[in-house]
Amino acid sequence: MSSPDTSARTAVAPEPPPPVTDDRPLHQRPEDGQLLAAKLVPLRRPGQWISALALLVLLAMFVHTLLTNKRFQWDVVGSYFLNGSIVNGLVLTLWLTAAVMATGYLLGIGVAVMRLSGNPVLRSVSFGFVWLVRSVPPLVQLLFWYELASLYPQLSLGIPFGHEFAMVRTAHLFSGILAAFVGLTLDVAAFASEIVRGGILSVEHGQTEAAEALGLGRARIFRRIVLPQAMPAIIPATGNLLIGMLKATSIVSVIAVQDLLYSSQLIYNQNYLIIPLLLVATLWYIILTTLLSIGQFFVERHYARGSRRGGSGGTGFWQLFRGNIPLFGASGANGAAGGRSGRELAGLS
Amino acid sequence: MSAVEQTQEPLVRIRGLRKSFGANLVLDGIDLDVREGEVTVLLGPSGSGKSTLLRSINHLEKPDAGFVEVGGEIIGYRHHGSRLHELGHRTITRQRAAVGMVFQQFNLFPHLTVLENIIEAPVAVRGLTRKSAAVQARELLERVGLDGRESAYPRQLSGGQQQRVAIARALAMEPRLLLFDEPTSALDPELVGEVLAVMRDLALSGMTMIVVTHEIGFAREVADSVVFLDGGRVIESGAPADVLDNPGHDRARAFLAAVL
C-alpha cells in the first residue's frame with residue numbers, strides 16, 4: 001500500500017496516547033488554523049494486534065502439522081486423487097446434486113405458489129407437505145424410500161379406485177439411486193419452497209398491481225416481474241442449500257449408492273488407508289464448493305441489476321476476493337479496491 | 001366540453017358503488033359519469049374513498065354492490081339474467097389493458113430499464129414486436145421529456161422522472177382512460193411541476209383522465225369537472241369554478257380552506 005497506509009503504521013509506535021480530557025481553560029482554546037493543520041491520529045487498538053497474532057500462530061501450527069505429520073500420507077492422497085472409481089463417484093455426486101436441485105426447485109416453486117394461493121385446500125396441503133418433510137431427517141426419508149417395496153410390493157398406474165393400466169414391482173423400480181433421488185428431491189422441495197416463498201413475499205405488492213393494471217397475465221407477472229425481483233432474496237439461501245445438498249448427497253452411502261464418499265469407503269475398506277482416502281473425498285468437496293461459491297457470486301451480480309448494489313459500477317470478483325482475504329490482497333497495487341475488509345486491516349494499527 | 005359530446009353516452013358510468021373493508025364502509029353508493037375526453041379530479045380528505053373508487057375502475061378492488069361501466073362494458077362482471085357473474089382472469093386482464101393507471105409510488109419495475117418497463121405490456125398484451133414497441137416507447141419518452149434515458153434503471157432517475165416514465169408506460173398500452181392515484185404526492189415539491197405539466201399536455205391532447213390529487217391549482221386549471229368525496233359519498237360535483245370557489249357543503253368548505 002502507498003503512503004497513507006505507511007503513515008498509519010508508523011502511528012503504531014508505543015508512545016502514550018494523548019490525554020483524552022481537555023482540562024485547559026476555555027480562553028486557551030486552539031486557533032481554528034491549528035485544528036485544521038493538526039494530523040488525525042486513529043485510536044490504537046492493541047487488542048486487535050494480540051488477537052490477530054494469536055490466530056496467526058494457531059494458523060501456522062495447523063499448516064505445520066498438515067505438512068509434517070507423515071500419517072496424513074499426502075503421497076497416497078495424490079495417487080488416489082484421480083483414481084477411476086473416485087472420479088466415477090465424483091460424477092455421480094455431481095449429477096445427483098444437479099438432478100435433485102433442479103427437480104426439487106421446480107417442485108418447490110410449485111409448493112410456494114400453492115402456499116401463497118387463495119385456495120385454502122392448496123394452502124393447507126403445501127403447508128402439510130413442508131411440515132412433514134422438514135420434520136423427518138433426510139436419512140430416515142432415504143431409508144423409507146429404499147424400503148418402499150416392503151410397504152407397497154407393487155406400484156400401478158391407473159384411475160384412482162378404478163382401472164389399472166400398468167403395474168411394476170417396486171423392488172425393481174426403487175433401486176438405491178432412485179430412492180436417493182426421490183428422498184433428496186422431496187427434501188429440497190420443502191426447503192426450496194420456503195426460500196422461494198420468502199423471496200416472493202419480499203417483492204412489494206405494488207409491483208403486481210402495476211403489472212395487473214397494464215393488463216399482464218398472471219403467469220407473465222410471476223415470471224417477468226415478481227420472480228426476477230425475488231431472486232436477490234432467493235439466491236444466497238439457494239447457494240447455501242446447493243452447497244449443503246452437494247455434501248448431503250454423501251448420506252446415500254448408507255443405501256449403497258456409489259457417490260464420492262462411498263467410493264472412497266469402498267477403497268479404504270480394502271486397503272485400510274482410511275485417512276488419505278477421506279482426505280481425497282474432502283479435497284474434492286472443497287474444490288466443488290469453491291467453484292459453486294464463485295458461480296453464486298456471478299449469479300448474484302446478474303440479479304442485482306437496477307438495484308443500488310448492482311449495476312456496472314459494482315465490485316468485481318477479484319475485488320471481492322481480495323476484500324475478504326486482506327492478508328494476500330491488501331499488498332496489491334490497488335489497495336482501495338480491497339473494499340471494507342482491506343481498509344479494516346489497514347486500520348489495524 | 002362541446003354540446004355534441006354532452007349528448008354522448010359517458011365513457012365511464014359508475015352506479016351505486018359500495019365497498020367496505022371489514023366493518024369500515026369506504027364507498028357508500030357512488031354515482032359518477034365521466035365523458036370521453038374529459039378530465040375529472042377527485043378531491044376529498046384522506047379516507048374519503050377516492051383511491052378505492054379509482055382502484056375499482058380497473059377492478060383492483062372488487063365492489064360489494066353497484067357496478068362500473070367503461071365503454072359500455074361492465075368491469076369485472078358479466079350480466080346474465082338476474083345475476084352479475086364474476087369474469088375470468090383473462091377477460092379482466094383484457095379490460096384492464098384498456099385502462100391505464102399511474103400510482104403514487106410510481107411502481108416502475110426496478111429490475112428493468114426504462115425502455116423495458118415501457119415495452120413489456122405492449123409486447124406481451126398487444127402483440128407488438130419488440131422493435132415496433134421500442135419505436136413507440138421512444139416517441140412516448142420524448143413526449144414526457146425523457147428522450148435519451150431509455151437505458152437507465154428506475155433507481156437512477158429522480159422521482160419526477162420516474163413518474164413521467166410511469167405515465168409513458170401507461171400510455172404505451174394506448175388506453176381509452178387514464179387513472180392517476182395521487183401522482184405527485186410522493187414527490188419532492190420542486191419535482192411536482194414537471195409531472196403536472198405532462199398531465200396538462202395529456203389533457204389538452206384529449207385523453208380521458210380521472211385524477212385523485214390534492215393539487216387544487218391543477219384541478220382549477222385543467223379539470224372539466226371536480227368531484228368532492230367525503231365518507232364514501234359524493235357530496236359535491238360540478239365545474240371547478242363552482243365546486244372550488246363556491247362549495248355548498250360545509251365539509252367541502254372546511255377541506256378547501258385547509259388545503260388552499
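B:Asp33 and B:Arg15 are joined by a salt bridge, 3.0 Å from N to O; the term covers a side-chain nitrogen of Lys or Arg within 4 Å of a carboxyl oxygen of Asp or Glu. This pair links distant parts of the chain, 18 residues apart: B:Asp33 lies in strand E2 (residues 24-34) of chain B and B:Arg15 in strand E1 (residues 12-21) of chain B. The model is predicted, so local features need pLDDT of at least 70 and side-chain atom pairs count only at pLDDT 80 or more, while totals for chains, interfaces and linings use all residues. Residues are numbered from 1 along each chain as its sequence is written, chains are lettered from A in the order in which they are written, and side-chain values use heavy atoms, without hydrogens and water.

**Exposure of the strand pair**
- B:Asp33 is partly exposed at 32% relative accessibility (buried is under 20% relative accessible area, exposed over 50%, partly exposed in between; 1.4 Å probe, protein chains only).
- B:Arg15 is also partly exposed, at 27%.

**Other salt bridges in chain B**
- B:Glu174 pairs with B:Arg126, with the closest N and O atoms 3.3 Å apart.
- B:Glu174 sits in the loop between helix H6 (159-171) and strand E9 (177-181), and B:Arg126 in the loop between helix H4 (114-124) and helix H5 (130-143), 48 residues apart; helices (H or I, at least four residues) and strands (E, at least two) are DSSP runs numbered from the N terminus.
- B:Glu174 is exposed at 53%, whereas B:Arg126 is partly exposed at 31%.
- B:Glu9 and B:Arg13 form a salt bridge at 3.9 Å between the closest N and O atoms, and B:Glu9 is exposed at 56%.

**Total**
- Over all chains the count is 21 salt bridges.
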